[in-house]
Each structure stands twice: as C-alpha cells, then as structure tokens.
Amino acid sequence: QVQLVESGGGSVQAGGSLRLSCAGSGRTFSPDAMAWFRRAPGKEREFVSSITSSGSIVYGTNAMKGRFTISKDNAKNTVYLQMNSLKPEDTAVYYCASRRAPGTAYEYWGQGTQVTVSS
C-alpha cells in the first residue's frame, strides 16, 4: 500500500513563500515520477509540476516555472514544491501524486494541503 502525505500548506500574503512537502511510503513505493496538482475553488484540477526518478522536471505553465521549484530527496522518499511570489490566484488545495511507470496515470494521491494567499 502506497501512502502520500502532504504538509506545508498554510495562509500567506501575496508575495510570500511556502514550501510543500510530500512524503511517500509503502513497501511497493518506487515511483517513476511524482507530481503536484492543485484544485482551486470552482475550478478543475490543474497540473503544477512533476519530477521523474531521473530528475526530469516539467511545469504546468511558464508562470509556475518562474515562481515554483520542484525537487526531491530520494533518501527520504520526499518531493518538495517551493512556491515563491505567491499570488491570490495560487489559492487552492495542492495534491501530491505518484505514478509507477512512464506514460501511466498518477494512481496514488495524497489527501491535499490547503494554500491560501491573501491580497
């Protein structure tokens, strides 16, 4: 059983920073990639960023690429999302996900962590 646990969410003012963490565990936990998604109120889930086991990184938009940084610590089975220059439109529940092989769906999901950015 794979378990993903996010942490690090909270409330900040616009321009502030937050660092999200996602710790993976489980006997079969050996992901090909881990990713961050977010869901804002009244909107569909949005891809934020992913990082593969080899370190390849993708960001959802150029705006995210300029303000967010994904990284991982293999020894801790943890992926991070450093978010800088936060804007009110970044307000959402952020979810961590993992997939087992390239080209497959992200099948394991965390419970989500709330990020609220006030103007």
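Strand E9 (residues 92-99) is mostly covered, with six of its eight residues buried; buried denotes a relative accessible area under 20%, exposed over 50% and partly exposed in between (1.4 Å probe, protein chains only). Strands (E, at least two residues) are DSSP runs numbered from the N terminus. The model is predicted, so that local features need pLDDT of at least 70 and side-chain atom pairs count only at pLDDT 80 or more, whereas totals for chains, interfaces and linings use all residues. Residues are numbered from 1 along each chain as its sequence is written, and side-chain values use heavy atoms, without hydrogens and water.

Pairing of two strands requires at least two DSSP bridges between them. E9 pairs with E4 in the antiparallel sense over seven bridges, and Ser-98 in E9 is the bridge partner of Met-34. Strand E4 (residues 33-39) also contains Trp-36, which is buried with a relative accessible area of 0%.

A cavity is a set of points on a 1 Å grid over the protein atoms alone where a 1.4 Å probe fits but cannot get out, and lining residues have an atom within 4 Å of a point. The volume of the largest cavity, about 30 Å³, is the space filled by probe spheres set on the points, which are joined across faces, edges and corners.

Notes: Helix = DSSP H or I, 4+ residues; strand = E, 2+ residues; numbered from the N terminus. 1 Å grid on protein atoms, 1.4 Å probe; cavity = no way out; pocket = protein on both sides within 12 Å on 5 of 7 lines; lining within 4 Å.
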